[in-house]
Structure formats: C-alpha cells, structure tokens
Amino acid sequence: MPPAPSIVWFKRDLRAVDHAPLARAAAAGPVIPLYIAEPGLWAQADAAGRQWAFIAECLDDLARDLATAGAPLLIHVGDAVDVLDAVARQFGVRTIYAHQETGNAWTYGRDKRVAAWAKARGIAFIEEPQGGVVRRLKSRNGWARRWDRTMAQPATPRPALTAPAPLEATPRPPSARDLGLAPDPCPERQRGGRAAGLAALSSFLTERGRSYRRAMSAPGPGAVACSRLSAHLAYGALSMREVAQAAWARQTALADAAAPDGRSWRGSMQSFTARLHWRHHFMQKLEDEPALEHRNLHPAYDGMRPETPDAGRLAAWSAGETGLPFVDACMRSLAATGWINFRMRAMLVAVASYHLWLDWRASGAVLARLFTDYEPGIHWPQMQMQSGTTGINTVRIYNPIKQGRDQDPDGAFTRRWLPELAAVPDAHLQEPWTWSGAGGLLGKRYPHPIVDVAAAARAAKERVYAVRRQSGYGPAADAIQAKHGSRKSGMRQVKRPRKQTRDSRQLSFDL
C-alpha cells in the first residue's frame with residue numbers, strides 16, 4: 001500500500017525553504033500543506049487587521065512556491081482541532097508535522113489541545129524546533145554557543161512534493177472581515193511575502209545597511225537604515241538561519257574588502273548580527289516562562305501600578321494626543337506604517353509606564369495591535385523590561401523632550417506627523433507650551449501636555465525604587481537572573497550585579 005499522506009501545518013513559518021517539517025513530510029510520502037485561519041486567535045486583544053493583511057500576502061507567495069514544488073496549499077477557517085480532524089479523516093492522515101511555536105497564551109493553549117486530540121486519535125504530532133529557541137531548556141549556560149551551531153547548519157532546500165488526490169488549492173486567503181477583524185487602515189504598511197522579504201534582505205546587506213549602526217536610533221533615518229526584516233521573521237517568510245547566514249557571508253566579504261566605506265559597513269553588520277542573536281534570547285524568555293505575558297516577572301511589582309489603567313491617559317497615548325510632540329509623532333507614525341525603530345518603541349513604553357503610570361499589559365496590547373511585526377516572544381519580555389518589572393534590568397525613564405531634540409534635531413519627523421505644529425518655531429517644537437503663541441494652539445488644535453514630564457518621572461522613580469528596597473527583593477531577582485539572564489557561552493553564571501546586568505542594555509524590538 002502507498003504511504004498515508006501527512007499534514008504539514010503552517011503557523012508562523014510561511015515559507016517552503018529551510019522548513020524541516022515540510023522536508024521531513026516530503027521524504028515520508030504525500031503531503032497536505034495546510035494553513036488554518038483561526039477566528040479565535042484573531043479575536044485576541046493583541047491581534048489586528050494589519051497583521052492579517054501581511055500574513056495573507058505571505059500566504060499568496062507560499063501557495064505559489066508550494067504549487068511549483070508539487071502540492072497545493074489548503075487554507076481553512078475554523079478551530080484548529082476541528083479543521084485538523086476533518087482533513088485527517090478525509091485523507092486518512094496518520095502524521096502531522098509542524099514547527100514549535102513560541103506564541104501568545106492562546107496559541108500555547110491551542111497547541112496543547114491539538115496534542116491531546118492527536119494522541120486520542122492515534123495520530124503522531126511531530127513538532128520541529130524553529131530557529132534557536134529551545135523547548136524545555138534546563139539552563140541558559142551554553143545557550144549562545146548552541147544558537148551559533150544551530151544557525152550554522154545548512155538550510156533545507158525546498159523539497160519536491162507529491163499531493164494526495166483530490167487536493168485542490170484554496171483560491172485566496174480569507175479577508176479580515178471573514179475573521180471578524182475590525183477595519184485597520186495602515187496606508188504605509190510593509191508588504192508581506194517571501195519575495196518582499198528577500199528583497200529587503202538584499203537591499204539591507206548591499207545598500208541600506210551601511211549607516212545602520214549610526215542611524216538606527218532615529219525614527220526617520222531608521223526607517224531606511226534598519227533591516228525591516230522583523231515582520232518577515234515574525235511570520236516566517238524568511239528563516240532566522242537564512243538571515244544569519246546571509247549576514248555572516250556579508251561580514252566575511254567585508255573583511256576581505258578594502259572599500260572606503262568598509263569600516264561603516266563592518267560596524268553596522270556587527271550590530272545587526274548581535275541583534276539577531278538577541279532576538280531569540282528574548283523569545284527564549286517567553287518559551288521558558290509563558291506566564292510573563294500576563295504576570296510581573298518579579299512578584300514585588302504586583303499592585304505597584306493599577307491593573308485597570310487610567311482610560312483617559314491610555315486613550316491619549318494610543319491616539320498620539322498626549323501633548324508631548326515627539327511621543328505623539330511616534331504613535332501616529334506607528335499607526336500609519338505598522339513599524340517604528342527600536343529606541344522609539346522603548347521610549348513609548350517608558351512614557352506609558354512611568355510618566356503616565358499605565359500597566360504594561362494595557363499599553364502592551366495597544367502596541368501589539370499597532371505592530372505589523374508583532375512577535376509575542378519579543379514583545380512581552382520587552383514590555384516588562386522597559387516598564388521595570390523584571391527585577392533584573394536597569395530602570396530607563398526616557399525624557400521624551402530630550403529624545404525629540406536628540407533623535408529629530410531638525411524637527412522633520414515631528415512636523416510630518418503633527419502638521420498642527422507647523423507654525424511652532426524649531427526652538428519650541430518639542431515644548432510648544434513654552435512658545436509665545438501657545439495660547440492659540442494648545443487646547444484648540446493640539447492638546448496641552450497631560451503630565452508634567454519632570455514631575456511624573458520623579459514620582460515614578462521613587463515608586464519603582466521603593467519596591468526595590470523591599471525585604472526579599474534581591475534573592476527573587478537573583479533567581480530570575482539565573483533563569484533568564486544573559487551569559488557568555490560556556491561561562492559559569494555569577495551573582496547579579498546590583499546596579500546593572502548584561503541584560504539591561506538597550507535592546508531592539510526590531511532589527
């Protein structure tokens with residue numbers, strides 16, 4: 001008898017290259033490539049139409065690649081267990097292949113339900129690691145070395161596929177409306193799909209990336225100089241291995257080159273490859289402790305901020321109407337593009353957490369919906385790090401006025417997104433309340449600032465450090481550092497320094 005067909009369940013791995021489950025299934029026999037659009041997932045507080053629009057474009061590219069390889073892509077709408085059960089019964093499936101997923105709490109629960117269903121039905125559910133995140137990791141010791149070895153392994157080429165009959169491709173992915181998603185205009189959103197991802201990787205490594213190290217902190221230049229690969233990595237149109245190996249090859253070529261701009265390129269590539277590593281470092285945190293999506297990593301911070309946030313402050317921050325020009329420009333830019341550079345993401349979280357004293361879970365959900373490149377494993381650990389609730393990171397209270405002057409010195413970015421400030425002189429742009437003409441502007445075309453920046457920062461710092469002085473704080477922080485903190489490959493973990501740790505450096509949400 002011919003071998004029974006297998007399902008390859010695509011989730012956040014929308015590619016046919018460097019896809020171990022697809023290659024393994026192809027070697028075993030006929031393959032049913034399947035993507036499940038799950039209304040329950042898209043009803044979560046971190047989901048948005050811009051994310052689905054990007055994924056739908058990735059699915060279009062994936063469908064073409066799979067058809068070329070020999071098998072059509074099925075796209076079903078529904079609960080994962082129900083869909084998998086129906087397809088398995090229709091085609092006599094005995095094995096399901098998929099990648100491990102470090103997703104949000106909802107996908108974690110869904111995968112446990114799928115595993116239980118598969119066991120009850122006598123179906124093998126085989127999950128392969130994706131990237132450098134390690135499931136059931138016992139210790140961080142040697143993690144970096146292991147990551148390097150994993151990334152250095154050869155990428156699996158797209159396999160030749162056979163499909164069981166009668167298997168017909170789904171014509172197009174469902175619409176956002178089909179999934180119950182609200183309209184989510186994002187006029188300058190990045191386009192999804194493997195072709196777009198490969199183009200972004202190529203242009204970054206050969207053209208745009210030269211000024212990466214110097215320009216990545218500013219929102220205007222950073223939009224060009226940053227790799228813009230984060231969304232393609234988040235949904236797996238590109239694999240981390242592909243990107244890492246391409247970056248390493250570029251570094252090797254630069255080391256052998258005597259180009260006049262070689263020094264800038266080499267520095268930028270060093271910074272970029274470090275952030276590839278740190279991307280999985282943060283995802284490993286959520287993999288090791290899924291509860292940190294919902295619970296303060298250090299319990300001493302429980303109750304420090306109201307869990308029910310000030311609705312007026314949250315709404316003003318979300319809409320870019322705080323009266324703090326650089327904050328508002330960043331939020332409006334993010335709403336229109338689905339992306340903003342790493343330092344501005346950190347600043348937005350810091351302002352929400354310290355100046356506005358909002359709980360990170362509320363502001364985190366807002367940002368998750370705005371980020372086209374939302375990656376739960378990076379997002380939630382970073383939300384806690386920037387809001388000061390991990391217990392092991394330096395408290396960073398950004399001054400949004402200073403950030404505006406430093407990162408937008410000519411005011412071009414602020415003026416683009418806040419046209420109502422067109423008449424404000426450059427010297428007063430980041431503090432329009434100091435301008436002599438403020439009376440005709442504030443409270444009319446642009447809001448008064450909703451907080452006093454300096455006073456709010458002082459009050460927040462006092463509250464945070466009061467928690468750090470509590471009895472028993474240190475031992476709990478040491479335990480967190482031992483489990484989640486960075487260490488050099490093979491180095492014995494040492495006691496956490498009281499002022500700062502390796503893990504407290506400014507890191508990127510994006511690349």
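The largest pocket holds about 680 Å³ of space. A pocket here is an open set of points on a 1 Å grid over the protein atoms alone, where a 1.4 Å probe fits, with protein on both sides within 12 Å along at least five of seven lines. Its volume is the space filled by probe spheres set on the points, which are joined across faces, edges and corners. The model is predicted, so local features need pLDDT of at least 70 and side-chain atom pairs count only at pLDDT 80 or more, while totals for chains, interfaces and linings use all residues. Residues are numbered from 1 along each chain as its sequence is written, and side-chain values use heavy atoms, without hydrogens and water.

The largest pocket is lined by 35 residues. Lining residues have an atom within 4 Å of a point. Closest to the centre are His 99, Pro 129, Gln 130, Gly 131 and Gly 132. Helices H6 (143-152), H10 (230-234), H11 (240-255) and H12 (262-288) each give two or more residues. Helices are DSSP runs (H or I, at least four residues), strands likewise (E, at least two), numbered from the N terminus. H12 supplies the largest share, four residues. The lining divides into 11 nonpolar, 11 polar and 13 charged residues. Asp, Glu, Lys and Arg count as charged; Ala, Val, Leu, Ile, Met, Phe, Trp, Tyr, Cys and Pro count as nonpolar; the others, Gly among them, count as polar.

The second largest pocket holds about 340 Å³. Of its 19 lining residues, Glu 101, Tyr 108, Arg 135, Glu 287 and Pro 290 are the closest to its centre. H5 and H12 each give two or more residues. H5 gives the most, with six. By class, six lining residues are nonpolar, four polar and nine charged.

Thr 102 sits in the loop between strand S4 (95-99) and helix H5 (105-121). Thr 102 counts as buried because its relative accessibility is 11%. Buried means under 20% relative accessible area (1.4 Å probe, protein chains only). The side chains of Thr 102 and Glu 287 are joined by a polar contact of 2.7 Å. Such a contact is a pair of N or O atoms within 3.5 Å; within protein, one must be able to donate a hydrogen and the other to accept it, and residues adjacent in sequence count only if both atoms are side-chain atoms.

Technical notes:
Buried means under 20% relative accessible area, exposed over 50%, partly exposed in between (1.4 Å probe, protein chains only).
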